[in-house]
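Let's go through this one together, one feature at a time. Ask whatever comes to mind.

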Amino acid sequence: MSNPPHGGVLKDLLVRDAHIQQELIQETNTLNDIVLTERQLCDLELITNGGFSPLEGFMTEKDYKNVVDNLRLADGSLFPIPITLDVSEEDIRVLDIKVGTRLTLRDPRDDVALAILSVEDVYRPDKTHEASSVFGADDPAHPSVAYLRNKVKDYYVGGKVQAIQAPTHFDYVALRFTPAELRAHFKKLAWRKVVAFQTRNPMHRAHRELTVRAARQRQANVLIHPVVGLTKPGDVDHYTRVRVYQALMPKYPNGMAHLALLPLAMRMAGPREAVWHAIIRKNFGATHFIVGRDHAGPGKNSQGKDFYGPYDAQELVTKYRDELLIDMVPFQQMTYLPSTDEYCPVDEVPAGVQTLDISGTELRKRLKTGAPIPDWFSYEAVVATLRESYPPRLKQGFVLFMTGLHNSGRNRIARALQVTLNQQGGRSVSLLLGETVRAELSAELGFSPEDRHKNVQRIAFVSAELSRAGAAVIAAPIAPYTHSRKAAQETIQQHGGAGGNFFLIHVATPLAYCEETDRKGIYASARRGEIKGFTGIDDVYEEPEKPDLRVDITKQTVPEIVHSIVLLLETNGLL
């Protein structure tokens, strides 16, 4: 028998509200809309299908504060992560959001109405307190803290939702199960004990051995339940990962394991996230849950230390085991024994016996360089799948993002570099000069800080698309603001294909030289006040603190600068 849901009742709002679906659809024509973000979309899907039971909507202030401070809803139910719907002050005004308002929640991909929210609360959260309490520190090195600071709007709207329909997925439809569907599947197969395995990474032979060992020790079956919503920036894309999981499944004993996808937006909240994951898997019917070393940890903080201790997650899940009612399976770190060609938990290896391991960093390096990956580490089908998505460095695209003042030499360097890279061959080379982009992509934009930022993000979007297709991209806008350059870097690293290869080059030619050699007299016009908001005159240029390369045409010739950029690419294995 599958595990009872958290709180005793599976809150399947899709089933609950099916009989009034048509009335809700008609009502949406009379309501204002909120188009969800990607994270909100993931959250809504798990609210409406019961994955977040006992939640029936987005948290009110009372629930939110209690979750942040005490890991509990206002009614005392254990729930460690705030599930919130953020809106701006402008949204509140334009959409007339207040207590009693009903709002249509729409899918950002196709504008389909998914649910109606009845507003019970509108409140302004203390984001600093939320970051410190939920993630352990208000440190922007944590991806969810950075998300909270940079993308979450200033107000939260709480209230229950009525479900109209689930989001439509076009990928891996046969592997997507609601909690009710997965529970029915377990019942059909007579699976009484189910060990759930959480992952956001590709799986290899050690993971297979770990899950098989956990299942056999408990006379249970295995649910491979990977996250396919938002994960950590830089993670392997879910399309590649699911193909890896599919390649791995035949390696399990016949009938032991089942693969299902979880549309969760992870927060990388370590111990709290582990408790949250346990609740979610309990709602999907699992009886056991594997909690790993540094479970859902985001890596290093700003001081270079791990955000969470290696066993903090296991300790917190153990603390709440009487309420969770799902048995924790501690992650057993597995290592390979070449003498017997098998994997074994590290703490069971006899003294003096040789072991072999490949770290995640080493694996990524081998994928990027095309170096061999031994069959003791992974399976041939898994490696082949990964290599399809991660070609060697010489076949990966990259973006050279050149920033500097007007007339600093950016365009001269960029054009010369384009010629040099075309001579090298092997990739198409795209040149995105600031002036060209302004004319072709951003003609309607002015030169306010907001428009400048928007222009840089358009350049980043185009650069990422070209890089993902394997092109060499030379982008050369002024890009005067640190936050704009950082946002561009994040876009390219996340969406620019294998490697996410981004290089920031600061053309640090001094302002005095830029003015002195300005044959068009643009600086002079700005000095006279004829041009307003000109970078370097009456608008700031924020110099990059740590560019990948800093050059200056008053100290180096253009050929010397181009050669230094080529050497940078060669050092990184891209030429």
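Q: How many cavities of 30 Å³ or more are there?

A: Rolling a probe the size of a water molecule over the atoms shows where empty space is left. A cavity is a set of points, on a 1 Å grid over the protein atoms alone, where a 1.4 Å probe fits but cannot get out. Here the count is two cavities of 30 Å³ or more. A word on the ground rules: this is a predicted model, where local features need pLDDT of at least 70, side-chain atom pairs count only at pLDDT 80 or more, and totals for chains, interfaces and linings use all residues. Residues are numbered from 1 along each chain as its sequence is written, and side-chain values use heavy atoms, with hydrogens and water left out.

Q: How much space lies in the largest cavity, and which residues line it?

A: A volume is the space filled by probe spheres set on the grid points, which are joined across faces, edges and corners. For the largest cavity that is about 80 Å³. Lining residues have an atom within 4 Å of a point, and among them here are Arg-39, Asp-43, Glu-130 and Arg-267. Helix 3 (38–48), helix 6 (127–135) and helix 7 (143–150) each give two or more residues to this lining, and helix 6 has the largest share, with three. Helices (H or I, at least four residues) and strands (E, at least two) are DSSP runs, numbered from the N terminus.

Q: How do the lining residues of the largest cavity divide by class?

A: Ala, Val, Leu, Ile, Met, Phe, Trp, Tyr, Cys and Pro count as nonpolar, Asp, Glu, Lys and Arg as charged, and the others, Gly among them, as polar. This lining has five nonpolar, two polar and four charged residues. The second largest cavity, with about 50 Å³ of space, has five nonpolar, two polar and one charged; Phe-398 and Arg-427 are among its lining residues.

Q: Is helix 3 mostly covered or mostly open?

A: Buried means under 20% relative accessible area, exposed over 50%, and partly exposed in between (1.4 Å probe, protein chains only). Helix 3 is mostly covered, with ten of its eleven residues buried, including Arg-39 and Asp-43. Just after helix 3, Gly-50 takes a positive phi of about 95 degrees.

Q: Which residues does the UniProt "binding site" annotation cover?

A: UniProt positions follow the numbering used here, feature names are shortened, and annotations may be inferred rather than shown by experiment. The unreviewed entry's annotation covers Gln-198, Arg-200 and Ala-296. They are spread over 99 residues of sequence, yet they cluster in space, with a largest C-alpha distance of 9.3 Å.

Q: Why do Arg-200 and Ala-296 count as buried?

A: Arg-200 is buried because its relative accessible area is 14%, and Ala-296 because its relative accessibility is 10%. Contact means heavy atoms within 4.5 Å. Leaving aside residues up to four places away in sequence, Arg-200 touches residues including Met-266 and Met-268, and Ala-296 is in contact with Met-266 and Met-268, among others.

Note on methods:
On a 1 Å grid over the protein atoms alone, a cavity is a set of points where a 1.4 Å probe fits but cannot get out, and a pocket is an open set with protein on both sides within 12 Å along at least five of seven lines; lining residues have an atom within 4 Å of a point.
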